[in-house]
Structures are given as structure tokens and as C-alpha cells.
Amino acid sequence: PVVENASLTTVAADAFDECCTQLCRNQTDAGGACCSGDIVIDPAITSLADHAFDGCSNLISVEMSLVTVVGSFAFRGCSSLISVNMSLVTSVEDYSFYSCSSLTSVNMSFLVNVGSKAFLSCTSLTSVDMPLVTSVGNSAFYICSSLASMNMPLVKSVGASAFRACTSLASVNMPLISSVGDLSFESCSSLHSFNAPGHLSL
């Protein structure tokens with residue numbers, strides 16, 4: 001499905017909440033057309049409100065080229081979501097991608113702020129390259145058990161339990177980090193490379 005409207009700039013709260021049958025994988029909707037599970041949002045849309053796609057468990061991929069803000073719980077429980085292309089997004093709010101267990105690819109090269117629990121339990125996410133991120137909230141990547149590498153060269157603050165139980169995490173690049181919250185890297189049993197300044201505050 002393609003959501004298009006030349007005058008639309010915001011997807012409001014609960015707009016597609018639990019729209020599992022219409023945004024489905026290998027199923028047929030009431031009109032007989034096969035849903036691909038891929039969503040391309042019109043370039044005019046720049047903001048996703050809270051719970052916008054909450055519970056769309058058959059949503060597979062999302063492309064939102066000009067979205068800059070993703071609201072809280074926007075994609076929570078989208079368990080079939082594999083890839084997200086939001087190249088201009090600057091802020092991902094709390095629980096935005098919570099429990100997106102199939103998510104492997106995230107393109108957010110302009111992201112600055114990662115909210116608390118934003119990617120909690122994204123167990124298939126393998127790498128994160130967020131070159132402009134400056135702040136990571138509490139438990140943001142908690143239990144991302146497949147996450148192997150993390151590149152955040154401008155991040156300064158990492159909240160409590162931010163990368164806790166990322167058991168595959170081997171390398172972290174945070175050369176400007178100044179504050180790391182409690183248990184941020186607890187149970188990161190594979191971590192062997194951590195690029196951080198000498199004045200790091202734990």
C-alpha cells in the first residue's frame with residue numbers, strides 16, 4: 001500500500017493502530033488485492049504521532065523520506081518489520097520500535113536523539129550507524145541480542161541500561177562520550193573494543 005496525499009504533513013496518533021489485515025504479508029484484503037506489507041509514505045509527511053502504526057504486526061518495510069520525528073510507540077509490536085528508511089529523522093521517541101523483533105536494518109543517518117526503550121527487544125538488529133546521535137535514553141537498545149557493532153561518534157550521554165544484555169555487541173565507537181548510566185553495558189559478554197575518551201564518567 002502507498003499512502004499519498006499532497007497536503008498531508010502529519011500522521012496523527014493511532015492513525016493505523018493495529019491495521020494488521022490491510023498491511024499484511026501474503027494475504028488478500030477485502031477487495032481482492034494482495035497486500036505487500038510495504039509502506040511508502042508521501043514525501044510531504046514530516047511527523048508521525050504516538051501509536052501511529054502501533055501493533056501492525058504484518059508490516060514489513062517502511063520508507064518515509066522526509067519524516068523528522070517518530071512519536072512514542074509509533075511502531076511498537078510491528079514484529080514482521082524488517083527495514084526502516086527514515087534518512088532525515090532527527091528524533092525517535094520513547095518505545096518507538098519496541099519489540100520489533102524482525103528489524104535488521106535502520107537508516108537514520110541524521111538521528112540526534114534516541115528515546116528511552118526506543119529499540120528495546122529488537123532482537124534481530126545487527127548494527128547501528130548513527131553518526132549524529134548525541135543522546136541515548138534509558139534502555140534504548142536493551143536486549144538487542146544480535147547487535148554486534150555500534151557507531152555513535154558524537155554521542156555524549158548514554159542512559160541507564162542503554163545497551164544492557166546486548167550479548168553479541170563486540171565493538172563500540174563513542175569517542176566523545178562523557179556520561180554513561182548505570183548498567184549501560186551490563187551483560188555485554190562479547191564486548192572487546194570500546195573507543196571512549198579517558199575522562200569518561202561512569
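**A serine and its surroundings**

Guide: Serine 91 is buried, because its relative accessible area is 12% (buried means under 20% relative accessible area, exposed over 50%, and partly exposed in between, with a 1.4 Å probe and protein chains only). The model is predicted, so local features need pLDDT of at least 70 and side-chain atom pairs count only at pLDDT 80 or more, while totals for chains, interfaces and linings use all residues. Residues are numbered from 1 along each chain as its sequence is written, and side-chain values use heavy atoms, with hydrogens and water left out.

Serine 91 belongs to strand E10 (strands, marked E, are DSSP runs of at least two residues, and helices, H or I, are runs of at least four, numbered from the N terminus). Its side chain makes a polar contact of 2.6 Å with the side chain of glutamate 93 (a polar contact is a pair of N or O atoms within 3.5 Å; within protein, one must be able to donate a hydrogen and the other to accept it, and residues adjacent in sequence count only if both atoms are side-chain atoms). Leaving aside residues up to four places away in sequence, serine 91 touches Thr68, Val69, Val70, Leu111 and Asn113 (contact means heavy atoms within 4.5 Å).

Serine 124 lies in the loop between strand E12 (113–114) and strand E13 (127–129). Serine 124 counts as partly exposed because its relative accessibility is 24%. The side chain of serine 124 reaches the backbone oxygen of serine 101 at 2.6 Å. Apart from residues up to four places away in sequence, serine 124 touches Ser101, Ser102, Leu103, Thr104 and Ser146. Serine 124 and serine 145 are 21 residues apart along the chain, and their C-alpha atoms are separated by 7.3 Å.

Now the rings. The count comes to 9 aromatic pairs (rings of Phe, Tyr and Trp, the last by its six-membered ring, pair if their centres lie within 6.5 Å; planes under 30 degrees apart count as stacked, over 60 as edge-to-face and the rest as tilted). Phenylalanine 73 and tyrosine 95 form a stacked pair, 4.7 Å centre to centre with 5° between the planes. This pair links distant parts of the chain, 22 residues apart: phenylalanine 73 is in the loop between strand E8 (69–70) and strand E9 (83–85), and tyrosine 95 is in the loop between strand E10 (91–92) and strand E11 (105–107). Phenylalanine 73 is partly exposed at 21% relative accessibility, and tyrosine 95 is partly exposed with a relative accessible area of 24%.

Phenylalanine 141 and phenylalanine 163 also form a stacked pair, at 5.2 Å centre to centre and 5° between the planes. Phenylalanine 141 is buried, with a relative accessible area of 0%, and phenylalanine 163 is buried, with a relative accessible area of 0%. Ring pairs link Phe53, Phe75, Phe97, Phe119, Phe141, Phe163, Phe185 and Phe194 into a cluster.

As for the chain as a whole, there are 0 helices and 19 strands. Buried residues make up 42% of its 202 residues. Of the contacts between residues at least 6 apart in sequence, 19% join residues at least 24 apart.
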